[in-house]
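This report covers a predicted model.

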Amino acid sequence: MPFYRNIAAKIALLPMIVISLTVFVGCIIYSFVYSLTNSKLVPVMNYVGFDQYERLFKQRKWDVAVENIFIYGFVFTIGCLIIGFLLAVLIDQKIRGESLFRTIFLYPYAMSFVVTGLVWKWVLNPTFGLENSMHMWGMTWFELDWLVNRDLAIYAVCIAAVWQGAGFVMVLMLAGLRGIDEDIWKSLSIEGVAKWKSYIFVILPMLRPMVVTAIVLIAAGVVKVYDLILALTSGGPGYATTTPAMYVMENFFSRANLGQAFAASIIMFISVVCILAPWAFYEFYLRNKYANN
Amino acid sequence: MKKFFSILLTIFVPLSFTNVSKAGSHMEAEVIHWWTSGGEQAAISEFAKAWEEMGNTWIDTAITGGDNARGTTVNRIIGGNPPTAAQFNVSKQFVDLVEQGLLQSLEEVASAEGWRDFIYPPELIETCEFEGEFYCVPVNIHSWQWMWINNDVYKQVGLPVPQTFEEFLAGAPKIQEAGIIPLALGGQGWQESGMFDVVASSIMGFPLMQSIYRDKDLDAFRDGRFESVLNTYRELNQFTDEGSPGRLWNDTTAMVIEGKAAMQVMGDWARGEFAVAGQEAMVDYSCVIPGKEKYVALGGDVFVFPKNDDPKVKDAQLAMASMMVNPTVQAKFNNAKGSLPMRLDVDTSAADACMQMGLDLIQNPDAIMRESDDWNTPAFTAAWGDIISEFRNDPNYTVAQVMDDLEGVLTSGL
C-alpha cells in the first residue's frame, strides 16, 4: 500500500501515534530501565542488575498475588459468562416486564467498583451483615464468613465482581439472542429438539462473536482489578486477597520502593503480552491470511 | 508514569498560582498534610491561624491518607512545583529527599533560635539532623504504647484492670464467657504490626528491640525472647472477633467505648475518640502502658520544606519553621491534637489523666522508646509488617517459619 494513500487520515492519526509512542512505549522503557535500579522514594540511576526481580520472586506476597489473579480471572470470567448467558436466556423467554428485569440486572454494572466493594463488604461482614441478620431471625446455624476467612476471601471478591459484571454479559448475549433468525427456532421445533439442547448446541455456537467480545472485555478488567479489592478487603485478611496491581501500587506509594514497583509492573506487562500475543497473532495475521486465500 | 504526571503537574499547576504570587510584602505558604479528621483539622488550623495572625496567607492542601499525601508531595517536588511545607512522620520516610538535596536546610533559624537546646527528647533532633543541619521540624509526639480498657467490663466480670499482657490473657477467657470480646483489634496491616511492636517492647524490653530493629543483631533475634513475643501475640489473637479483618481503628475503639469489647491496643490518638464519646479518663476507661518497664514511643509528625528557586519562598519557610516550634503555638496545636509537645516548656494544664501519664513518663530518658521506622526504610517496615500480619491471619504459618522469614527481611538490606 503506497504511503500517500489516505494521507489526510494518516495526518489526523499522527497525534494519537505520537502520544501512544511516548506515553505507552516511553513509560514501558522508563519503567524497565528503573526496574534495574535500587530507587526508593525518588527514581535514581543506581544500577543493581536484576536484584529487584530476584527479590520479587522470593516474596511470598507476590506468589499470593499471582495465584489470586488466576483464581479471580478464572472464576470471574466463567461466572459472568454462565450467569450472564442464563439471565439472557431467561429474559429471552418473552417474559412480562422484560425491560424492568433488564434494568435491574444491568444496574450493578453502572456502579463503580468502589461502591460494589463497600456494599458487599457490609453484606458479607459476619458481625453486622447477612450472617448477623440470619442469627437475629433465629437461624443460628447460618454461617457466612467468606470475607474474613483467608482461604475463601478471594471467592468473596469474585462473588461481588460477578454480581457487577454478569448483567453486562447478559445484555451482550441478549443482543445476540435477538439476532437469531426466527426460522432457526422454527426448524428446531419441527425437529423436536429440546429447548435446553437447542440453546447449548445450536444457539450458543452462533453467539461466538458475543462470547469473544465478552471474554475480551472481562479479561481486560481482570488484569487491572484494584479498586474492588481495595474497597472490599484492602487485600486482607493478612494479604490473602492481594493482587499484582495492588502490589505495584503499594510499592509505588506507601512503601517508597520504586525499583520493586517497576520490576513488578514489568512482570505484569510481560504476562499480559504473553497472553495477548497468540490471540493478536491469530486475529491480525492468520485470519487475514486465510481470508485472503 | 510518575514522571509523566509530574510533567503534567509542572505544566498546569503553576498556571493556577501565577496570579497570587505577586501579592505584595506578605508571605504565603502552601502546606500539604493529611490531617482530615475532626480533631486533626482543629489542630492544623491552629498552625494556619498563627500563620495568618503574622499577616500571611495559608494555602491548605489537605490530602486524605498519609500515603497519598506523601506521594503527592514527592511528585510535586520531582515535578519542580514543590509546596512550601509538607508533612511526614518521624521516620526515615524523607531521607531520600534530603540525600538528593531536595529539601531546604533550616539550620539558619535552628541555630539562631537554639533548637538543639529545647527540642525534647533529643532523639527528635536525630530524626531531623543530617550532616549537622536541620531539615525538618518535629511538631508532636504520638506513642503507640497504650492499652485502652473499658472499666465497666472488668467490674462486671469482677477482675482488676490488667497492667500487662500476661494479666490480660489470664482474664480473657472469663470475659469471653461473659459474651464480651476480650481484644478489639482492627485487622489492617498497620494496626496488626503496631500492636505487635507494643507486645514486643512490653515483653522483651526496648534494649533488645533496639538491637534487633536497629542493629539487625541476629544473635539477639534468635535468643528465644522474640519467639516468646510471637507466641504471646498468637495467644492474644485467639481473643479477637471474626469481624476484625479490615475494620478501621476508630470503629474498633468504638467497640471498647460501647462495652462490646474489653481492650484495644492503639496509639494515643484513640483518646480523642473517648473524649468525643464523653468518657472520662481513669473513670469510664483506663489507659495502661503495658509491661513492667513502661515506655513512650517517639512517633509523631514532622514538616519538611522543599527547596524552591524563589528566595521569597525560603523566607516564608524559615518563618513558618520558627512559628511551628513556638511554645504558644505548640500548646494550642498539641491540645487540639491530643499529642505531646516536642518541648518541655509548654503549657499543658489542659491535659487529662492519660496525657499527664505520657507527659510524666517522657521526662525520664530511659522510658523513651524508638520505633522501627526511625531506623528503617518504609520498604523494610512494610515487608516486616506483611509477615506479622500474615502470621496473625494464617494459623498454619508456624513461629519457626516466621522467624526465618523475618530473618530474611533483617538481612535483605532493604
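## Contact between the domains of chain B

In chain B, 13 residues of domain 1 are in contact with twelve residues of domain 2. On the domain 1 side of this contact, helix α18 (residues 353-362) of chain B contributes the most, with five residues. By residue class, the side of domain 1 of chain B that touches domain 2 of chain B has seven polar, four nonpolar and two charged residues.

## Contact between chains A and B

Between the chains, 25 residues of chain A are in contact with 28 residues of chain B. Helix α1 (residues 7-35) of chain A supplies the largest share of the chain A side, three residues. That side of chain A consists of twelve nonpolar, eight polar and five charged residues.

For the complex, the predictor gives an ipTM of 0.77 and a pTM of 0.82.

## Confidence in chain B

The average pLDDT of chain B is 88, and 94% of its residues score at least 70. Within chain B, strand β9 (residues 261-265) has the highest confidence, at 95, and helix α1 (residues 2-17) the lowest, at a mean of 48.

Residues 9-24 of chain B have a pLDDT below 50, and this stretch has eleven contacts in the model beyond near neighbours in sequence. Where pLDDT is low, predicted coordinates should not be read in detail.

Terms used: Residues numbered from 1 in each chain as written. Chains lettered and ligands numbered in written order. Predicted model: local features only at pLDDT ≥ 70, side-chain atom pairs only at ≥ 80, totals over all residues. pLDDT = per-residue confidence, 0-100. Helix = DSSP H or I, 4+ residues; strand = E, 2+ residues; numbered from the N terminus. Contact = placed C-beta atoms within 7 Å. Nonpolar A, V, L, I, M, F, W, Y, C, P; charged D, E, K, R; others polar.
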